[in-house]
Amino acid sequence: MLINNSFYIKPSFGTNHRHFHAGPLKEKIYTTSYVCREDLYFDELVDYMIENYKSSPKVNVYSLACSDGSEAWTLAMFLRERNAHKFLPIKGVDIEPSILSNANSKCLNVRNLEIERLKKFGIDFSKYFEPSDKNMLILADSMENETKTYSARDFIKNDFFAERKTILQEVSEMTNEYPKVVLCRNVFPYIGDDNESIYHIKVISEKLAKNDLFVIGDYDRSKRFVENLKNFGFTKVSYNMFKKIR
């Protein structure tokens with residue numbers, strides 16, 4: 001969604017609406033992050049992770065441009081359901097101080113719709129999060145009616161943490177001591193033009209080892225973007241999931 005001098009589109013109801021200035025005209029762009037986002041099959045991702053890395057004692061999982069942590073917490077719940085503790089904790093990075101503070105608050109703003117979506121995968125949200133006595137306020141986030149703030153229960157509070165870094169800063173510090181799963185979803189259009197996005201893919205590809213996973217979102221799926229993933233040594237293993245093969 002764009003805001004420029006001629007029109008305004010109010011962001012739709014969701015858990016976390018953020019705005020960025022991006023593109024050649026520095027348009028204001030809204031993006032949304034929420035639990036169990038539909039453009040990733042979290043159950044398939046976790047099943048693939050467990051099978052692909054069954055011989056590894058530890059796997060490092062990253063959520064780049066993690067926003068409020070909605071997707072990282074979603075993945076953590078799916079991993080816990082399968083007792084896949086070697087993939088935890090998940091490390092997130094983001095550059096916006098206020099959203100980073102929310103990410104590290106161990107709280108989530110969640111709608112009933114998201115809780116019901118988790119239930120379809122056999123996940124009882126109340127097992128992992130409990131109602132909070134405070135509201136987590138996020139820019140342009142609606143706290144009316146169905147959106148409520150929940151706090152992570154003590155036993156999962158260490159499953160996700162976040163630091164203030166850019167994508168490239170975090171990628172530059174990655175090592176190959178253990179396999180890596182890197183989620184960088186629905187963020188590349190905000191980085192800059194196509195050339196800047198492709199540069200980021202190139203840098204990421206150089207730091208990921210064979211069999212590492214790279215996970216994107218629907219908003220990243222331009223034809224040129226996906227073609228360059230292949231050019232940089234990735235192959236598709238499932239929807240929005242790519243594995244480094246060379």
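Tutor: Happy to! Keep in mind that this is a predicted model. Let's begin with β4 (residues 60–64) and β10 (residues 180–183), two strands that run parallel and pair over four bridges. Within that pairing, N60 has K180 in β10 as its bridge partner.

Now place this pair in its sheet. The sheet is open and has seven strands, ordered β9-β5-β4-β10-β11-β13-β12, with mixed pairing. At the edges you find β9 (160–164) and β12 (234–238); each has a single partner strand, so one side of each is left without a neighbour in the sheet. From one strand to the next, the twist averages 25°.

A helix joins the picture here. Helix α1, residues 42–52, packs on this sheet and touches β4, β10, β11 (213–215), β12 and β13 (241–244).

For a second sheet to set beside it, turn to the open one built from three strands in the order β6-β8-β7, where the pairing is antiparallel. Its edge strands are β6 (107–110) and β7 (129–131), each pairing on one side only. Here the twist averages 40° from one strand to the next. If you zoom in on β7 and β8 (residues 148–152), you will find three bridges in the antiparallel sense, and P131 stands opposite Y150 of β8.

Notes: Residues are numbered from 1 along each chain as its sequence is written. This is a predicted model: local features need pLDDT of at least 70, side-chain atom pairs count only at pLDDT 80 or more; totals for chains, interfaces and linings use all residues. Side-chain values use heavy atoms; hydrogens and water are left out. Two strands pair if DSSP finds at least two bridges between them. Axes are lines fitted to C-alpha atoms, for helices over the stretch in contact, and angles run from 0 to 180 degrees between N-to-C directions. Contact means heavy atoms within 4.5 Å.
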